[in-house]
Amino acid sequence: MPTTRRLKRLYRSLIRRPDVEADMDDEMRHHLELEAEELMRNGVPVDEARRQAAIAFGGVQQRKEEAIEDSTFWWLDTLRRDVRITARTLVRHPTFAITATLALALAIAVNTTMFSVLDAMINPKVGAAHPEELYSMRYFGFYGRRLGPTAPDLALAAGGKTYSDYTTGGYYFGGSGIIERGDLVRHADISTVRQNFFSVLQVSPLEGTLTPSTDPVQASATIVISDRLAAELFRAGESPIGQSLDIDGNSLRIIGVVRYYGAVSALNNDVWAFPAPGRYMSPNLIRLRPGVAVADAERELNLLAARVALGEHEDTKDARFALKSIKTQFEVQRFHYALIGAGIAVLLVACTNLANLQLARGIGRASELALRSALGASRKQIVVQLMIESGVLTVGALLLALVFAVGGNAMIHATIPPHIGQYVVEPQSSWRMVVFASITAALSLVIVGLAPAIHVSRVDINSLLKSRAGTGAHRANQRTYGGLVIAQIALTLPLVCAAVLLSRSAVRMSSPDYRMREEYGYNTTPLIVATVVLPPSPDVATPIAELSGSLISMARTIPGVADAAIELGRSFHNNSLAVDDNDGAVRDIPNAALSYTVVSPSYFRTMGLPIERGKGFDEGGHSEPLIVMDRGTGWFLWPRSAPIGRVMKLAESHYDAPWIKVVGIVGDSLSEDARDTRRMIDTLRVNNVFRVMTLTDSEPPSKYARFIKMYVRAPKDQQRVASALRRKLRGIASTRPPQVELLEDYRGIPQRTAVLQFIASLFGTFGVLALGLSALGVYGIVAQSVSDRKREVAVRIALGATPRNIVRALIREGNVLVLAGVAIGLYMTKETIGWLGEFLGEVDLANALLFGFLCIALFSAMVLSAFVPAFRATKLDPMEVLRAE
Amino acid sequence: MLPRTDLLQGSLDLLILKSLLLGPVHGWGVSKRIRQLSEDVLNVNQGSLYPALYRLEDRGWINAEWGMSPEGRKVKVYTLTTAGREQYFAEQEQWRLFSGAVARVLAAT
């Protein structure tokens, strides 16, 4: 049948149903009249003719039904009737209908939103035309003395059959810098790209142009910025094009605005700069010709690589180009299992909850089902009827869930912090999301509808009827939905634990006190760090003491600066050191130390690092070196005596180096980096060793630029001080502008905190949802139990049971279930909490006290939700209940 | 009066299609035509005629439209569609094969 005809019939049988039936009626009655007239023409009397015609035809109604049952869309008609009955039933129980739909909708929405996030990570929107042709590229090979870094580039430039163009993106040249515009000073991701970057990616500008000037000098004075940064820096309606931004002290003109794509490493920047003239950047992004297989492209590129190596008389064995699609950068981490697991747990909690309610309702509707069964409804028909009820709820929930999911996506879009790309990206609303939501809804339907429907239909109607009367069948039902309550609580506990631990971590991490006590040993908030570049000096050593002195005095002249200090990194010779022992003997300690720090005398004051014992370094020039170390290192080096006054060598004992006296001890501190290193190499026991800078200290000759770090302490208005410092340092710095940042930004603390807060809020949402749903589940089961046992409760009250006795008897049943759920939940928490390990401290993962507290809290919440219906039961009037029975 | 025979399973569709091949007609007309053409031998169960008509309409082999009879009554008139015509010839061929085969079997000595 052609589609139009099919649709027409569908429309007629669904919408115009009364018209269709009226037509049939007319037609059949007309038939009967004609038949009777024919008989009459043959001499049959009127009444007899009508009788004979009616007998020959059979009942009009029956024929109509036969015709309808024979039609293509007959099942739709049945379905429509069932749905209408269901809708009527649900309207009669609005609380159930609304709660069930809402709970399921929330659960489906949570999963759908999480799916959209993961989908966006797996299928990132790239913003480039034909992203499937784009590959990141890396040259592997021997860069010999003669083989300059430009050789592979020259080979590529000759052109190829499999690729159309190539460029340099932000993969290896990414970095960060300070953006200034008026009062606003902001840390931003900056990527230096080749001039043809945007044309190879085929990205369109939102504003302006993405093609810089062909003159490299002019090009390097311009930048392209992201829409995200533009929105932050410029007012609505104000065009950024042609405006200038101060980046790391250089004034650069904006030529274009491009969309920020968090999921693509080449495009997740705020600023794209073009290289200074003469700066070479090796290619790392290639666009293949349409339809070219990556294997073919690699074959051609590898031939090019071999040719490069051969031309330079180098080994061709390892010379190759490795290609990687820019669309497949998503790596599944343990965190993602936690995310998916949390979503599924919420869905399961909601589903078991509804299954419970449906089961209870099915059992409650025993008399109705018994009647249907007695009237000849088959088991299949009863299951279908119950399933249709769940189906109507699920379809309602699905529609609502899609609205919620779009809202959830918008919410994540508004709150997602930058730098979280490896864990979570902005979700995308797509057709895949709708398909996923539908599949989730269908699965939910199976759990929510099918299982309870089969269970209810299998139960002997007699026993169902008996259970209404408060006899033994109650216990069997209790077991079934008791199991579901256990499952809910078991699924809820890990979510609640994760949410609480993450929130605790987030709160702790955002407090300066945490960094003082746990991480660095000092408060990072008032500190500014400046990286000063020393120009290369291949032949002579650069004296450092005088430079340090002038840098510090310069910084101290800035209003608002409390103090300033210089820090230089140094390595222990051969990772070893030597100490003089108690008895005067010398002891070598190999492989225990990586690096120590040379600091100006003002260091401890500037950092706010308190001296616990002994003293710090005196202000003024030091001709002899002195050492301050942390408590743990002191204890490790001299386990049996106090370290103060002892001497040590920052190398092996036979090495020609001075013996240095320890004058002070500071508190232990282990930064994240130090902890990581220590986890990897467990012999590294020497942590913080500070040597005072002496008048003779110098940087050894080097053909590369070197960096010294200056810390500046400003109790308030740090951004303004940083800005002033930057201006002052610009006069001193030689080759490159200095980088001046707040120490918190430098260490990525706001980003880390924002990421953790975001993750905590995600799991917080999951936890609250699961907790609410579980409480609802427990409430439901106890309420059902109360209504099942009305008669028993009434008899008890009549026999003199106090309200206290009644509540206790009813809650006791629930308690066993909740306890079992908590026990299983605790086990599940233990097995899964490690998935969030990267966001939690080691201590958190085994915090028995906290887990115990959470178990008690969950238990109490559940008992409280059981208490409400139990308490209501004590208000029953025995006379009324017994009379109603 | 000649003895009337019930229809063979599945042959009703073919008879309806044939009667409509002769021209558009209403439901009662179809049953009358079959009776007349079979010289009162084939007895269409009048009740089962309508489910069959709706089914054929469902499949797109016949079309139904409301019109007026010469007596001024509102009647539903069925016409054969092109697809119905093709279907008629296909079923007619099958019927020939079938009845020929049955006849040959019965004629065997």
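Two strands are taken to pair if DSSP finds at least two bridges between them. In this predicted model, E2(A) and strand E10 (residues 285-288) of chain A meet that condition, pairing in the antiparallel sense over 4 bridges. Within E10(A), Leu288(A) is the bridge partner of Tyr163(A).

These two strands belong to an open sheet of 4 strands in chain A, with the order E2-E10-E1-E11 and antiparallel pairing. Strand E2 (163-167) and strand E11 (320-325) of chain A form the edges, each pairing on one side only. From one strand to the next, the twist averages 35°. Helix H11 (residues 294-311) of chain A packs on the sheet and touches strand E1 (134-140), E2, E10 and E11 of chain A. The direction of helix H11 of chain A makes about 155° with that of E11(A).

Elsewhere in chain A, strand E4 (residues 184-192) contains Thr192(A). Thr192(A) has 23 other C-beta atoms within 10 Å and is therefore buried, the cut-off for this class being 20 or more. Thr192(A) and Thr168(A) are 24 residues apart along the chain, and their C-alpha atoms are separated by 8.3 Å.

As to confidence, the model scores ipTM 0.89 and pTM 0.66. Chain B has an average pLDDT of 84, and 91% of the residues score at least 70. Within chain B, confidence is highest in helix H4 (residues 82-107), at 91, and lowest in strand E1 (residues 5-6), at a mean of 54.

Definitions and conventions. Residues numbered from 1 in each chain as written. Chains lettered and ligands numbered in written order. Predicted model: local features only at pLDDT ≥ 70, side-chain atom pairs only at ≥ 80, totals over all residues. pLDDT = per-residue confidence, 0-100. Axes fitted to C-alpha atoms, helices over the stretch in contact; angles between N-to-C directions. Contact = placed C-beta atoms within 7 Å. Buried ≥ 20, exposed ≤ 12 C-beta atoms within 10 Å, placed from the backbone.
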